[in-house]
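Dear colleague,

Please read them with the model open beside you.

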Amino acid sequence: MTAEPHTLAAHIAATVKQLRRERGWSLTRTAEATGVSKAMLGQIERGESSPTIATLWRMASGFRVSFSSLFNARAEVEARPPHLPTWQDSAGMQAQVLFAYDPLLGFEMLAIELAPNCASESAPHAPGVVEHIVVIEGTMALRIDDAWQTVTAGQGVRFAADRPHVMRNDGDIPLRFHDVIHYLPCAALAEADK
């Protein structure tokens, strides 16, 4: 089930502002760390713009926090909450947090859907981040650096996500996959120290 979009957008805006203030960063310093422009950061913080998932990734990497922390999702030991945070962007990508980042285990798990003819271009994530993708439905065209490969339903792939990568759906049906994001100790997420 999808969380109320306005509530989630407001939460993401507040979280970005809080992360910036905790570090004592100006918008200029934050733009340098995240690769997101000052104007876009300001719009996100004021709730005037809905960031794409690629932009959320750039912010998480720049702040050195997990992707799911932007959604305020907490790791659940005994059971998952009935309403899992989901973010859908205007580019045709949707990400739902299945298991929030757990600092003891060093990973989070997302269910991702790409609409037909949609692509997600990711800038390098924080150093040491590794993604494990298992395609559930459809076919993924995956580019890591400059090499393309095809991943079909039932197949999985693991790769170092601290370099450019693209996930693309060239098919006529939605591409659905699970993405386990593993933060190796060298990724040194800020929230792990809290």
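Two strands are said to pair if DSSP finds at least two bridges between them. In this predicted model, strand S3 (residues 107-114) and strand S10 (residues 175-183) meet that criterion with 8 bridges, and they run in the antiparallel sense. Within this pairing, Leu114 of the chain lies opposite Leu175, which belongs to S10.

S3 and S10 are part of an open sheet of 6 strands, whose order is S1-S2-S3-S10-S5-S8 and whose pairing is antiparallel. At its edges are strand S1 (86-88) and strand S8 (156-160), each of which pairs on one side only. From one strand to the next, the twist averages 20°. Helix H4 (residues 53-63) packs on this sheet, where it touches S1, strand S2 (93-102), S3 and S10, and the direction of H4 makes about 30° with that of S2.

I also looked at strand S9 (residues 165-169), which has 4 of its 5 residues buried and is therefore largely enclosed by the rest of the structure; buried here means under 20% relative accessible area. Strand S4 (residues 118-122) pairs with S9 in the antiparallel sense over 5 bridges, and the bridge partner of Ser122 in S9 is His165. Strand S6 (residues 139-144) is likewise joined to S9, by 4 bridges and with the two strands running antiparallel; here Leu142 stands opposite Met167 of S9.

With best regards

Technical notes:
Residues numbered from 1 in each chain as written. Predicted model: local features only at pLDDT ≥ 70, side-chain atom pairs only at ≥ 80, totals over all residues. Heavy atoms only, no water. Buried < 20%, exposed > 50% of the residue type's maximum accessible area, 1.4 Å probe, protein only. Axes fitted to C-alpha atoms, helices over the stretch in contact; angles between N-to-C directions. Contact = heavy atoms within 4.5 Å.
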